[in-house]
Amino acid sequence: MRENASISRLSAELLDEHADLLKFFDRYERSAIGHAVADFVAGNPHEMPLPKFVDALRKWLEPRSKDHFAYKMSDPDAVRTVVASLGDRVRMPFEPEDIAMTNGAFSGLTITLRAICDPRDDVIYLSPPWFFYRGIIRSLGATPVRVAVDPSTWDIDLAAVERAITPRTRAILVNSPNNPTGRLYPRATLDRLAGLLEERSRGNGRRIYLVSDEAYSRILFDGHRYESPALSYPHTLVVYTYGKQLLTPGERIGYVALPPTMPAGDRAALRGALLMAQLVTGWAWPNAVLQYALGDLENVSIDIPRLQRKRDRVVNALKDAGYRLHVPEGTFYLLPHVPWKDHDAFYDHLNARGVFVLPGSTVELPGTFRISLTANDAMIDKALPVFAAAVREPAPA
Ligand SMILES: Cc1ncc(COP(=O)(O)O)c(C=O)c1O
């Protein structure tokens, strides 16, 4: 680790841990953003925003009282919208007091872990993970514990989770459908995970929580229905962001929700803990305008059948070209295997032809690369022949 007296030790450690990711994004920003490239790197929009989103923001921007822009925690109307939405989708009667509006899943995850973890607690995450789980866990003084998913199915390896649980385990992070694998964990897996967590919580004499990162729970293909882990395990904290369904990750709104099946005493304690965590994390509530607009935004979504058609087109083209990959059940992402032994040479080859993807090393899985289907059709048109040709090219020695 690079010691640096002008910053904290933790900052230096976090910079160290994210060095590869930061280096990658720096290079990507310099060579891809603003240039006419086929950009498959992040779940970012590459088309104009949904008109209904813009209309709702315009409508709710207009002040209706002197308090329109006053400090705002969880707005009661936004909370009512979330309660109705969870009632429809999870089919459970969530209580308004058990909803904390957040500025996306980023802060939802941070306040959740801050509310439940002590320094030196273990938090299990499934690998390949979303890039910032480790950093968020470490920033709280807790210890990230990596458990790889089953490499042949991308499903949760329950035996490996069982081996990773210790008396220090406080939580497991579950993200389904999963970024980056696209895997929707089957209900049977979640039920078995719940049984394991219940048994080991009892053995430890301390609750192991399930933190359910449901960022992509409405980005599902092939008629799949979402079944929240909260249906399997009452001690689940549900974390959601509207940034995916609206494809507006720069306008940030989401929530943390405690299911009504969680014991009332635990929920009462967690409500206070989440509120404190929101304050000390730096006012982790969404801006007022987005909260007012939520009633108009709840049912607005990017065109999922169109996204599925893009998935099919790219998956089929990559498979025909000889790539190995799982067909995702949801999310924006594909995770093919790199066809060359020299992964960097493969990325350089794509970049030189104006195609940018996310190297699997940034998600703990070198040898794969992630493609975001939020790329537009012109980008896909440009990239597919490049991907196909790369397989036919003799890889450099
Ligand atoms: C799995 C996962 N969790 C959480 C987030 C954070 O979402 P947001 O930026 O909307 O807070 C993302 C965003 O990419 C994600 O992919």
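**Exercise 1. Classify Glu364 by its surroundings, then locate it and describe its backbone.**

Solution. Glu364 has 16 C-beta neighbours inside 10 Å and therefore counts as partly exposed. The scale is as follows: with C-beta atoms placed from the backbone, a residue is buried if 20 or more other C-beta atoms lie within 10 Å of its own, exposed if 12 or fewer, and partly exposed in between. Next, Glu364 sits in the loop between strand S11 (358-359) and strand S12 (369-372). Helices (H or I, at least four residues) and strands (E, at least two) are DSSP runs, numbered from the N terminus. Finally, phi of Glu364 is near 65°, a positive value in a residue other than glycine. Most residues other than glycine have a negative phi.

The model is predicted: local features need pLDDT of at least 70 and side-chain atom pairs count only at pLDDT 80 or more, while totals for chains, interfaces and linings use all residues. Residues are numbered from 1 along each chain as its sequence is written.

**Exercise 2. Is Arg120 buried or exposed, and in which loop does Arg120 lie?**

Solution. Arg120 has 10 other C-beta atoms within 10 Å, so this residue is exposed. Arg120 belongs to the loop between H5 and strand S3 (122-127). The phi angle of Arg120 is near 75°, again positive in a residue other than glycine.

**Exercise 3. Describe the overall form of the protein chain and its division into domains.**

Solution. Begin with the elements: the protein chain has 13 helices and 12 strands. Its C-alpha trace spans about 65 × 55 × 50 Å along the principal axes. For 397 residues a compact globule would have a radius of gyration near 21 Å, and the chain's 21 Å agrees with this. The radius is taken over C-alpha atoms, and the globule rule is 2.2 Å times the number of residues to the power 0.38. Of the 397 residues, 43% are buried.

The chain is divided into domain 1 (32-50 + 303-392) and domain 2 (65-297); such bounds come from an automatic or database domain assignment. Their centres, taken over C-alpha atoms, are separated by 28 Å. Across the boundary, 23 residues of domain 1 are in contact with 24 residues of domain 2, contact being defined by C-beta atoms, placed from the backbone, that lie within 7 Å. On the domain 1 side, helix H11 (304-321) and strand S9 (333-334) are the elements that give two or more residues. H11 gives the most, with three residues.

**Exercise 4. Which residues have the most contacts inside the largest nonpolar core, and where does this core lie?**

Solution. A nonpolar core is a set of buried Ala, Val, Leu, Ile, Met, Phe, Trp, Tyr and Cys residues joined through C-beta atoms within 7 Å. The largest core has 105 residues, and Leu113 and Ala171 have the most contacts inside it. H5 supplies the largest share of this core, seven residues. Domain 1 and domain 2 both give residues to this core, so it lies between them. Leaving aside neighbours within four places in sequence, Ala171 is in contact with residues including Leu113, Ile116 and Val211.

**Exercise 5. Which residues come nearest to the ligand, and which helix gives the largest share of the shell?**

Solution. Of the 13 residues around the ligand, Gly104, Ala105, Phe106, Thr241 and Gly243 come nearest. A residue is near a molecule if its C-beta atom, placed from the backbone, lies within 6 Å of it. Helix H5 (residues 104-116) provides the largest share of the shell, three residues. By class, the shell has five nonpolar, seven polar and one charged residue. Here Ala, Val, Leu, Ile, Met, Phe, Trp, Tyr, Cys and Pro count as nonpolar, Asp, Glu, Lys and Arg as charged, and the others, Gly among them, as polar.

Note on methods
Contact = placed C-beta atoms within 7 Å.
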